[in-house]
There are 2 protein chains.
Amino acid sequence: MTEVILPQGFMACGVHCGLKRGGREDLGVIACRGSAVFAAVFTTNRVAAAPVKLNRSRMVRSTCRAVVVNSGNANACTGERGLQDAQRMAELTARALGCEPEEVLVCSTGVIGRPLPMDRIAAGIGTAINGLSAGGGASFARAILTTDTCTKTVSVTVEIDGRQIRLAGIAKGAGMIAPRMATMLAYILTDAAVQAAYLRGLLAGVTQRTFNRITVDGDCSTNDTVIAMASGTAGNRELSGDHPGSGAFARAFEDVSRRLALMIVRDGEGAQKLVTVTVKGAASAEDAEKAVRAVAESMLVKAAWAGGRVNWGRVMDALGYSGARLEEDRVEIRYDDHPVVTGGRAAETPVAVLQEVVRQDSFTVTIDMHLGDHGATLYTCDLTEEYVRINR
Amino acid sequence: MTEVILPQGFMACGVHCGLKRGGREDLGVIACRGSAVFAAVFTTNRVAAAPVKLNRSRMVRSTCRAVVVNSGNANACTGERGLQDAQRMAELTARALGCEPEEVLVCSTGVIGRPLPMDRIAAGIGTAINGLSAGGGASFARAILTTDTCTKTVSVTVEIDGRQIRLAGIAKGAGMIAPRMATMLAYILTDAAVQAAYLRGLLAGVTQRTFNRITVDGDCSTNDTVIAMASGTAGNRELSGDHPGSGAFARAFEDVSRRLALMIVRDGEGAQKLVTVTVKGAASAEDAEKAVRAVAESMLVKAAWAGGRVNWGRVMDALGYSGARLEEDRVEIRYDDHPVVTGGRAAETPVAVLQEVVRQDSFTVTIDMHLGDHGATLYTCDLTEEYVRINR
């Protein structure tokens with residue numbers, strides 16, 4: 001397990017309050033010592049969980065103090081009571097921290113449709129806030145897990161204005177992963193001083209290229225949330241589009257996001273392989289998206305990968321029903337660097353060579369439609385019996 | 001195994017020619033003693049198999065004599081050679097029957113991307129045509145199977161113009177099932193005299209309500225084909241829209257089609273349950289379709305059914321990301337007749353009662369969006385470890 005080093009100004013803690021079995025951590029808090037500039041993106045699922053609705057109402061502000069998160073219960077499809085419970089989580093956290101409830105963001109993940117046991121949550125919040133520390137990132141990372149088999153954390157540093165800027169990322173996610181605008185739960189913390197509007201623009205763009213480009217099962221969740229918080233304690237001049245260091249900061253931010261996103265796919269429910277599917281040469285951006293999503297989410301394609309099977313016919317089939325414009329005899333497919341399909345038919349690469357590729361725990365599938373210059377990439381995983389076992 | 005009684009004028013045979021292991025039948029022929037009026041619908045997959053392309057060129061005619069089918073090899077993504085092979089299958093069949101190649105339809109099903117072993121196919125066609133008989137429906141039904149665990153046949157009779165009209169249906173399908181305009185392979189034979197244009201209109205409409213309403217894995221195949229053939233030997237006055245018996249014939253035709261379609265879902269790869277998902281009260285027909293397809297094809301929803309789990313949260317989640325207009329607090333869901341969700345939240349039906357429903361081998365999920373009067377139904381199945389095992 002990687003230890004995550006929190007940027008200056010942040011404290012975190014994860015505790016067990018009785019939502020998950022076996023005494024595992026199930027409630028966590030991240031708090032900033034002062035006000036943090038924040039940005040957030042949420043699921044586009046029209047059935048949004050109560051905490052997502054609450055957080056959306058927080059977006060009129062540009063700063064926050066803390067985020068409180070529970071796992072084991074999604075607080076989704078819980079109606080008015082769910083909203084009150086999310087609000088109460090913010091209030092309890094705010095009271096213990098000595099701030100306003102409007103300064104607290106709330107996240108939940110787990111089973112849909114059950115009311116939260118608020119007595120346990122309330123007790124958990126008290127314990128977590130008592131336990132807050134600069135070294136509490138690891139326990140927080142554990143507290144947000146559901147069917148994940150490991151914590152997902154990243155720490156990087158970048159120099160800006162002669163200062164060491166630290167960024168840390170903590171995420172969860174394993175199933176119900178096909179984010180559209182955001183993904184499961186992810187928190188990106190930095191001690192940089194960052195202009196709020198700039199941070200929001202950065203997060204929106206980066207999310208499109210990272211968290212929104214992964215899929216485990218094509219099921220977009222009700223609770224997807226990515227929150228970025230900047231404590232501003234690193235001593236740099238406030239970052240905005242004009243700042244000469246913004247390029248370096250943006251690259252570090254995107255690096256953290258992409259690494260978290262890939263960790264989620266790697267730990268996809270039952271997944272054994274990380275597969276990067278790229279479509280290029282599509283007639284339009286929309287076509288590239290349709291084609292890449294059809295392949296990366298096809299049960300048959302994913303099951304073939306689980307078996308380490310070359311089975312490119314299933315890829316061709318998915319391209320064919322994707323709705324994307326396609327001329328069969330122009331299609332080219334490569335597994336890593338090896339031609340699999342040329343001119344819509346089997347290439348001459350020996351099957352043994354291709355089998356070696358698809359038996360790896362990570363490989364790429366590159367599809368060239370030869371119809372235009374639009375492209376798209378998705379990071380996906382294989383579909384194993386274990387996925388069904390976990391979810392049945 | 002049900003014996004299928006072929007309508008007058010038809011003969012069939014299935015033989016083993018060496019495409020499938022274990023000596024199982026893998027090549028079949030249905031032939032009409034004279035010219036049969038025919039109708040056909042094909043996959044809308046833009047990657048269409050060679051025989052589909054060949055059959056499309058036959059649609060300028062209104063009659064045919066025979067259909068030749070092989071399993072074990074889809075003859076898809078096989079380029080110019082695949083087209084020549086399909087053409088050759090028609091020629092060999094025509095020569096043996098003493099008709100023109102243009103009077104023969106061709107179908108293939110199985111692995112994509114491998115050339116057909118034409119020597120075996122040629123030998124098989126000869127054997128099959130020598131073996132043609134009025135009692136050969138059962139061996140033909142076996143010859144078209146792939147991962148199917150059973151043959152799929154239906155026979156019905158209906159009285160028109162004082163004559164006994166017979167209809168028979170023979171189908172295959174178990175995986176790569178999400179037809180859009182047609183489905184895997186199905187043959188509907190009748191001895192009625194039917195006007196060609198009327199038969200084509202009837203097949204198109206019935207397909208929309210039957211074969212196109214099933215899904216096993218959301219993967220629409222390259223080879224989907226439904227062919228209807230009418231020998232005209234029953235002695236009735238030619239059926240068209242004006243004929244008073246056309247209603248009874250259309251009902252029988254739809255009955256045969258629906259029963260075949262449901263047999264395919266029932267025998268879906270690894271499937272244990274047949275689930276009928278209905279959306280009503282949608283704001284538009286397009287919304288109803290999006291909503292019903294999202295639910296019926298969600299890996300998570302289908303895995304929950306495999307486990308006999310109530311898990312309505314996954315149904316709500318799928319509705320939410322389907323793209324259909326939705327107001328969460330208006331949604332109602334029933335499992336069979338039991339309320340599961342009312343006003344977007346858990347209904348008061350005891351979990352034990354709902355569990356009893358979802359543990360059955362067949363049940364219905366009815367979703368009312370309460371936003372309009374549009375609806376849609378899909379017949380689907382659960383997702384089991386066995387599906388992955390078959391396809392990995």
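Let's start in chain B, where strand E11, residues 338–342, pairs with E12(B) in the antiparallel sense over two bridges. Within that pair, Thr342(B) stands opposite Arg345(B) in E12(B). Keep in mind that this is a predicted model.

Now widen the view to the whole sheet. It is an open sheet of six strands in chain B, with the order E12-E11-E10-E13-E9-E14. The pairing is mixed. Which strands stand at the edges? They are E12, 345–346, and E14, 374–381, of chain B. Each has a single partner strand, so one side of each is left without a neighbour in the sheet. As a reminder, strands of a sheet pair through backbone hydrogen bonds, either parallel or antiparallel.

Next, the helix on this sheet. H8(B) lies across strand E9 (274–282), strand E13 (362–368) and E14 of chain B. Its angle to E14(B) is about 55°. How many of the residues of helix H8, 299–306, of chain B are buried? Eight of its eight, and the helix is described as mostly covered. The buried set includes Lys302(B) and Trp305(B). Met299(B), Leu300(B) and Val301(B) are on that list too, and so are Ala303(B), Ala304(B) and Ala306(B).

Look at both ends of H8(B). At the start, a side-chain oxygen of Ser298(B) reaches to within 3.2 Å of the backbone nitrogen of Leu300(B). After the helix comes Gly308(B), with a positive phi near 65°.

Staying in chain B, move to helix H6, residues 246–266, which contains Ser246(B). Buried or exposed, this Ser246(B)? Buried, with a relative accessible area of 10%. The side chain of Ser246(B) reaches the backbone oxygen of His243(B) at 2.9 Å. Leaving aside neighbours within four places in sequence, Ser246(B) is in contact with Tyr198(B), Leu239(B), Ser240(B) and Gly241(B).

Over to chain A. The chain is divided into domain 1, 10–266, and domain 2, 274–391. The contact takes 14 residues from domain 1 of chain A and 17 residues from domain 2 of chain A. The C-alpha centres of these two domains of chain A lie 33 Å apart.

Leu27(A) is buried, at a relative accessible area of 0%. What does Leu27(A) touch, not counting residues up to four places away in sequence? Among them are Cys13(A), Gly14(A), Val15(A) and Cys17(A). Val68(A), Val69(A) and Asn70(A) are also touched, as are Ile121(A), Gly124(A), Ile125(A), Ala128(A) and Ala143(A). Cys107(A) is 80 residues from Leu27(A) along the chain, and their C-alpha atoms are separated by 10.0 Å.

Further along chain A, strands E5 (152–160) and E6 (163–172) run antiparallel, joined by nine bridges. One bridge partner to note: Val158(A) goes with Ile165(A) in E6(A). E5(A) and E6(A) form a hairpin with two residues between them. In the turn, Asp161(A) has a positive phi of about 55°.

Last, the two chains together. Chain B can be laid on chain A with an RMSD of 0.0 Å, by a turn of 180° and a shift of 0.0 Å along the axis. That is the relation of a two-fold axis. Which residue of chain B comes closest to the rotation axis? Glu385(B), with its C-alpha at 2.2 Å. And 100% of the interface residues of chain B are also interface residues in chain A, so the copies meet through the same surface.

Conventions
Residues numbered from 1 in each chain as written. Chains lettered and ligands numbered in written order. Predicted model: local features only at pLDDT ≥ 70, side-chain atom pairs only at ≥ 80, totals over all residues. Heavy atoms only, no water. Buried < 20%, exposed > 50% of the residue type's maximum accessible area, 1.4 Å probe, protein only. Contact = heavy atoms within 4.5 Å. Pairing = 2+ DSSP bridges. Helix = DSSP H or I, 4+ residues; strand = E, 2+ residues; numbered from the N terminus. Least-squares fit on C-alpha atoms with pLDDT ≥ 70 in both. Polar contact = N/O pair within 3.5 Å; in protein donor to acceptor, adjacent residues only side chain to side chain. Axes fitted to C-alpha atoms, helices over the stretch in contact; angles between N-to-C directions. Domains from an automatic or database assignment.
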